[in-house]
Amino acid sequence: MEYNSLDKMPHYKECSPLVESLGYVLVELRIVPQKTQYKVLVVISRKAGESAVGEGETGIGISDCAKVHRLIEPRLEALLNTKDLYMEVTSPGMERTIKNAAEFSLFTGRMLRVWDSDVTDWIPGKLVSTDDKSVTLEKEDASVVTVPYERIAKAKLLTV
């Protein structure tokens, strides 16, 4: 799995602080220019360990997506110099496939599983720490394992 800094995504640096001001983290920002408009995909998640006010859950709802949409749409219109945006704001989903190793840092404290190509099996665990070279997971038996990114073939968030 490759590690590509999230800050290298076009306009991530400009939009991430806005999303964080609402209590979320920006997982993915994909901007695809089309003939007459831009198609924008935004994926948000709650900060690790936080739940919705009064809801007691960590999921992302429609109102969460709407808040983020209303806040970052004007910023993206200004950055892209257009009023013609099609924007979709979503949650990471129940079992998000992690596409970029830099995403691991956004999910510290969450349960996930990684396919270790050396072990040729899934390693489930709670994400304890991450850097630009590897992830460290705490397994169910309280043992800790560190897996370098070059050995990770796939990774998915787990539902609790």
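Me: Is Gly59 buried, exposed or partly exposed?

Reply: This is a predicted model: local features need pLDDT of at least 70, side-chain atom pairs count only at pLDDT 80 or more, and totals for chains, interfaces and linings use all residues. Residues are numbered from 1 along each chain as its sequence is written, and side-chain values use heavy atoms, leaving out hydrogens and water. Gly59 has a relative accessible area of 29%. Buried means under 20%, exposed over 50% and partly exposed in between (1.4 Å probe, protein chains only), so Gly59 is partly exposed.

Me: Which residues does Gly59 contact, leaving aside neighbours within four places in sequence?

Reply: Gly59 lies in the loop between β2 (38-46) and α2. Helices (H or I, at least four residues) and strands (E, at least two) are DSSP runs, numbered from the N terminus. Contact means heavy atoms within 4.5 Å. With those sequence neighbours set aside, the partners of Gly59 are Arg46 and Asp64.

Me: At what angle do α1 and α2 pack?

Reply: Axes are lines fitted to C-alpha atoms, for helices over the stretch in contact, and angles run from 0 to 180 degrees between N-to-C directions. The axes of α1 (residues 12-21) and α2 (residues 62-80) are 10 Å apart. The packing angle is about 160°.

Me: How many residues in the contact of α1 with α2 are nonpolar?

Reply: From α1 come Glu14, Cys15, Leu18, Val19 and Ser21, meeting Val68, Leu71, Ile72, Arg75, Leu76 and Leu79 of α2. Ala, Val, Leu, Ile, Met, Phe, Trp, Tyr, Cys and Pro count as nonpolar, Asp, Glu, Lys and Arg as charged, and the others, Gly among them, as polar. Two are charged, one is polar, and the nonpolar count is eight.

Me: What is the relative accessibility of Glu103?

Reply: Glu103 sits in the loop between β3 (85-90) and β4 (111-116). Not counting residues up to four places away in sequence, Glu103 touches Val27, Arg96 and Ile98. Glu103 counts as buried because its relative accessibility is 3%.
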